[in-house]
Amino acid sequence: MTELLVAQTTTVESIRPAAVLVIPILAMGLIFLSKNRPNVREAWSILAAISMFAIVASMVPGVLDGTVYETDFGAFVGLGDETIDLALQADALGMVFALVSSGLYVLTAIYSIGYMRGHHEPFQTRFFAMLCASVGAALGVAFAANIFVLLVFYEVLTLATYPLVAHDESAEARTSGYKYLAYALSGGLAVFGGMVAVFWLAGDISFTRGGIEGLATLAEDDPWAARAAFALLAGGFAVKAGVMPVHAWLPSAMVAPTPVSGLLHAVAVVKAGAFGVARTVIDVFGPETVAEIGMGTPLAILAGATIIISSLFALRQDNLKARLAYSTIAQLSYIVLGLSLLTQMGLMGGLLHIPAHAFAKLTLFLCAGALYVQLDVKYISEMPGIGRRMPITMSAFAVGSFSMAGIPILAGFVSKWHIMWGGAEAGNLFVPVVLIASGALNVAYFWPIIYTAFFETPDDHGGKPVLEHPFGGTPIKSLQYRPDGGHAGDGHDDDGDAHDDGHGHGHVELPPSDGWDRPAGRLSETTLLMLVPLMSTATLVLLFGIAPDHMVFFDLIQGIVENAGEVSS
Amino acid sequence: MDQYEWFVAAIVLLPLLTAAIPVAAGLRWKNVGWSFAATILSVTLALAVTVAWMIHENGPIHYELAGVEVPFGIELYADEFSMLVVLLTLLIALGVLVYTRIGGPRGNSFYAGFLLLNGGMYGVVITGDIFNLYVFLEIMAISSYALVSSSKYRWSTYAAFKYLLVGTVGASFYLLGVALTLAATGTLTMHELPELIAEAGYTDPVVITAFVLMGVGLAIKIALFPVHTWLADAHASAPDGISAVISALMPAVAVYAFARVIYTVFTPEFLDANPTVAQLLLVGALLSLYAGSFFALLQDHIKLVLAYSTVSQFGIILTGIAVANETALFGSMLQIFGHGIVKASLFILAGMFALRFGGIRTVDEYAGLAKRAPIMAGAFAVLGVAMIGLPPTVGFVGKWYIALGAFEEGLWLVSALVLASTLLSAGYILPFINRIYFHPFEGEDVDRASITHGMLIVIVIGATIGLTLGFFSAEIQGILESAVEDMVV
């Protein structure tokens, strides 16, 4: 069966991977041109989203049959006889990422309209244009046929996201933007270095399922060179994947508008990093070679440590988006952990976690954005009894957070199960332990939110966050640094003027002392433009949890994993 | 085709010989200089394109001026690499002319100097003789001293004087090197020198001293660290259009001359025989790369930032030359071209911003310009990214070749350093882009009408080249391949 699959992989010339990337360029131009007519502008952005998704989806049946669609624009850079082509290819692995990004972009584009208008955000034209460009760049990352092209889109993605992070042009936004650029550009450079090394050592940097041929021999001759190259590539990608200790940009980037935090900082940008790690493990080195040079274990340790530590950080966040950000850091490392196990089930789990986490985390962010736009709620301590005011939103939030914790019949369980299985297959007991501990921590930081929303009232609540003081004792001075950055005194650090700091949780405005009102009608708790997308993503979480093997991702990923195992063994 | 070989000479002689005409014409007509210079340079461009095509079809051209044979005659030599630099120079000179028509300076004597400067640069590139190279270097330098002082700031006289002193010292070093070479070999013709130098012995002290002297002289002209000091003053006070030439072209021409001296005259075997010299060259280049970047980080005046960035960029280019293999050398050629276009466009842009918004120069004054001048701001952002060298711009591709070339030689530390310098470049360019886009506009829109469509077209073309040239690097490599092989082998 597996051999058949390998034999069936055929490459077909097709314009479609390139067409997907032309759309965002056109759409950007159109969006800028229609900047004075918001309705037309948003129509372009939705049209672009739908057509991108449609083209990506149209390639799915072919890819499932083992076809690889390729657009080759000829040599990009050359070196004597060898050239690196400017080539795009839609293979199974790329399709997984492309489907997730382009599909969720459709929902986010709709949601953004509600969010940006509801919140009267400035610079909306730039926002929609750059959002479109960022998704385009993410699709370029997905469809890149070699490291060079991937790096090109990876850097374009960095640059296109910067205006979104610095969106509101405040001092804090600009600082976060710089921080983001500094981290992402350094990561890109590491990838660049790794690419130069691989190209020179192996003579080829085209992605090959199961590993580039020259690298396996190289790994035998000179394991340290191979290790260095792997460390540069995986390390560079890990920056965007938020693996500790290079995660610090992600919580600060939460200053961006919520749709950006949702689509880019939980799906497209950070998954581009995780996807890069996947390409490195599966298509550059191949699981066998990675195992041979012994780089799986260090990566797994990093990922495992990130999962636990960032979950601990998440416990202490009162800002809802910051808590979600630390949760993202932890969840991204699930993917890296799954990949670093180098077993079939581990790879499968890691890759399954790309869509699973995307659906759930986007749901959570969309809910957080809806709360913010509708009720100006940013902090968990402001949320007691909010389930009464926004029942659908908070139910979706509950679904998303249970999926994060890996509760069965939700998406998170499917991937987590495979990663655990992979850990067992690798004979590594610490993997299930880490995952179970992380699940417990997930419950610990998500349950209080759900509890306070549905089961507490404004006059009678326990105060959030449950865990307030730094680990290891109360600081003596109020301005002592916390281990996760920032000062002990600034629980509400990013909203200094609206809330009076130092009074802890004594906000006068929120939650209202006479309790939340019920919404006027069944679907009127917020605008439908926001409600429908978040309900859709919550539904996706459920569907993926109940019938994973009926979702296209499962088959795609199974194909990848079987090929990866087959070629390298 | 042979009957057209004199075109090569015409490229050099046309601007040189006609340089005096604007001054003479100025007696009768006012402001004839601009149109005259534009006409002459356009004709030269047509000639250069023809010659480039001839070279592409038939290979390099050796042309003896007026048929007098070497060693008495003057030999000109042009291959693909020369034509790359000549075309770059011409394109930028024409772009600068578009800017100076409104942006100034005006006056016939300015354009006379400009033509002389151009003629000198083409001479340096096309000459086949190390002494004539000196002559053309001096023509180029002296006319540039005059142009720097043509600015309306009084301080420019001082800057031009400093530039003159340092430049003359550099030229003298070079000339001494030429004299020693002549003493050791008895000839000045480039294509005869490699054999004779080999006969004299690569480790002969006279040969080594000659190389070092020529190298130091050219390093001053390129403005490498630590002999870059004239550059900042000259830039700060020169007219903006001239800054573009000083920063983008004169170092490029000088680095071209250096590459010729290393590869065509002394040959890579000389470097192999003298590893210390080769290493010093490499260390000097890397030092320049980092020192230039650090100085640029300390500035907040746009022209100084760009000037020091030139020091660092030529550090990269020289690194590629010093690595001395085909990949790295091609990377340097690409970088010369790409950097030239990008840096010249940035200087012209800086001039345009100053024209329109009342002489703004510092980072803070650049706040919010995107709201008033979206096209200029967009071009600045694209060019800035190309300057930093992020993909897919030309700067990135150039760095890729240089880093890869260094890696091939086993100099992985060099390639790591070249890559890491990207972060420093980002550090000095991004604050400008950030101000332009993410700060509120605080200045005043003084003179909107001063920005002509021509200027906008020029910078948009510059930005487009900077953004897309990288995609054609494989084709460019195909064209330059024979020149690169001739030089390295």
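In this predicted model, helices α6(A) and α12(A), the latter spanning residues 258-285 of chain A, pack at an angle of about 20° with their axes 10 Å apart. Angles under 35 degrees count as roughly parallel, so α6(A) and α12(A) run roughly parallel to each other. Their crossing is left-handed. On the α6(A) side, the residues that meet α12(A) are A:L131, A:S134, A:V135, A:A138, A:V141 and A:A142. Their partners in α12(A) are A:V260, A:L264, A:A268, A:A272 and A:F275.

Helix α6(A) also turns up in the story of α3(A): along with α2 (16-33) and α5 (92-118) of chain A, α6 (124-143) is among the elements covering the buried residues of α3(A). And which residues of α3(A) are buried? They are A:R41, A:E42, A:W44, A:S45, A:A48, A:A49, A:M52, A:F53, A:I55 and A:V56. These residues cover an arc of only 165° around the axis, so they sit on the same side of α3(A).

Here's how α3(A) looks from end to end:

| Feature of α3(A) | Value |
|---|---|
| Residues of chain A | 38-58 |
| Number of residues in α3(A) | 21 residues |
| First C-alpha to last in α3(A) | 30 Å |
| Expected for α3(A) at 1.5 Å a residue | 30 Å |

Is A:L351 buried or exposed? It counts as buried, because it has 30 C-beta neighbours inside 10 Å. Leaving out residues up to four places away in sequence, A:L351 touches A:V96, A:A278, A:I557 and A:I560. The C-alpha atoms of A:L351 and A:F97 are separated by 9.2 Å, though the two residues are 254 residues apart along the chain.

Definitions and conventions:
Residues numbered from 1 in each chain as written. Chains lettered and ligands numbered in written order. Predicted model: local features only at pLDDT ≥ 70, side-chain atom pairs only at ≥ 80, totals over all residues. Helix = DSSP H or I, 4+ residues; strand = E, 2+ residues; numbered from the N terminus. Expected span 1.5 Å × (residues − 1). Buried ≥ 20, exposed ≤ 12 C-beta atoms within 10 Å, placed from the backbone. Arc of directions from axis to C-beta. Contact = placed C-beta atoms within 7 Å. Axes fitted to C-alpha atoms, helices over the stretch in contact; angles between N-to-C directions. Parallel < 35°, antiparallel > 145°, perpendicular 65-115°, else oblique. Left-handed = near helix turned anticlockwise from the far one by under 90°.
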